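This report concerns a predicted model. Please consult the sequence and coordinates alongside the text.

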Amino acid sequence: MHCIGRVAPVNVAPIAAPGTKRTARRTAAARQLCRAGSSDEDGNDDDRERRPAQMPRRKLINLAAATTALVVSNKANANEFAGDAAMAIMNRVGKVKMSDDEWKAKLRDEPYAYEVLRHEATERPFSSPLNTEKRTGTFTCAGCGVPLFKSSAKYDSGTGWPSFVEPITPAAVTEVPDYSIIFLPRTEVRCANCQGHLGHVFDDGPRDRTGLRYCMNGVSLHFEPAADA
Ligand SMILES: [Zn+2]
């Protein structure tokens with residue numbers, strides 16, 4: 001599988017993470033669209049729809065794609081399909097509304113975080129200290145600070161990226177179809193609050209837990225240890 005978007009311009013290398021499996025719990029339509037790149041079609045759908053849109057490239061998305069993309073949002077609502085909410089998702093605007101220049105200024109001390117969160121770069125595997133963070137605590141968004149993952153959900157995936165079996169709550173993240181690698185449809189994971197890019201979710205996580213692997217860029221997260229950690 002990949003955990004990959006465009007690679008960050010600094011401190012990074014082209015990446016090919018191990019494996020090829022992808023997101024679980026897909027809709028029938030999503031499985032059909034994803035079939036070209038995966039041999040794992042065990043399905044296990046649930047009510048959290050991930051329905052990849054017909055988007056050859058993210059840069060080329062149109063309103064129709066935006067509407068479809070909203071369907072996979074945890075907050076999808078039929079009344080929002082053609083409205084501002086759909087465009088906000090596609091424009092990476094969440095409750096936190098800041099321009100690119102404002103994000104760049106806010107994250108001036110964390111340039112890698114800016115590239116990942118706002119421009120979908122991918123950090124080099126095994127480069128983040130959070131990959132080996134084992135203390136009890138909470139992983140928060142490096143962009144806006146909201147809690148995203150509990151340490152209890154973290155596990156060693158061996159991929160070189162901090163990996164989790166689930167977000168702190170389903171509503172904490174937004175999951176959007178990602179066709180930036182045209183032959184390898186993936187599901188992007190964003191902070192629901194600021195729409196910052198975090199990574200991707202795949203269906204090769206621990207089978208005795210959720211079966212999902214939230215493959216996150218460490219620079220997109222901060223860690224807040226528990227008081228007794
Ligand atoms: Zn955020």
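Which residues of H5 are buried?

## Helix H5

The buried residues of H5 are Tyr 112, Ala 113, Tyr 114, Glu 115, Val 116, Leu 117 and Arg 118. The helix is thus mostly covered, with seven of its nine residues buried. These buried residues pack against helix H4 (100-106), strand S2 (121-122) and S9. Just after H5, Glu 120 adopts a positive phi of about 60°.

## Nonpolar core

The largest nonpolar core comprises 31 residues, of which Ala 113, Leu 148, Cys 191, Tyr 214 and Met 216 touch the most other members. At least two residues of this core come from each of helix H5 (111-119), strand S3 (137-141), strand S4 (147-150), S8, strand S9 (197-202) and strand S10 (213-216). The most is given by H5, which supplies five residues. In soluble globular proteins, nonpolar side chains tend to be buried together.

Met 216 may be examined individually. With its neighbours within four places in sequence left aside, Met 216 is in contact with Trp 161, Pro 162, Phe 164, Leu 198, Gly 199 and Leu 221.

## Sheet arrangement

An open sheet is formed by six strands, in the order S5-S6-S10-S9-S8-S7, with antiparallel pairing. Strand S5 (154-155) and strand S7 (173-178) each have a single partner strand and stand at the edges, so one side of each is left without a neighbour in the sheet.

The partner of S7 is strand S8 (residues 186-191), and the two pair in the antiparallel sense over six bridges. Within this pair, Glu 175 stands opposite Val 189 in S8.

Notes. Residues are numbered from 1 along each chain as its sequence is written. This is a predicted model: local features need pLDDT of at least 70, side-chain atom pairs count only at pLDDT 80 or more; totals for chains, interfaces and linings use all residues. Two strands pair if DSSP finds at least two bridges between them. Helices (H or I, at least four residues) and strands (E, at least two) are DSSP runs, numbered from the N terminus. A nonpolar core is a set of buried Ala, Val, Leu, Ile, Met, Phe, Trp, Tyr and Cys residues joined through C-beta atoms within 7 Å. A residue is buried if 20 or more other C-beta atoms lie within 10 Å of its own, exposed if 12 or fewer, and partly exposed in between; C-beta atoms are placed from the backbone. Two residues are in contact if their C-beta atoms, placed from the backbone, lie within 7 Å.
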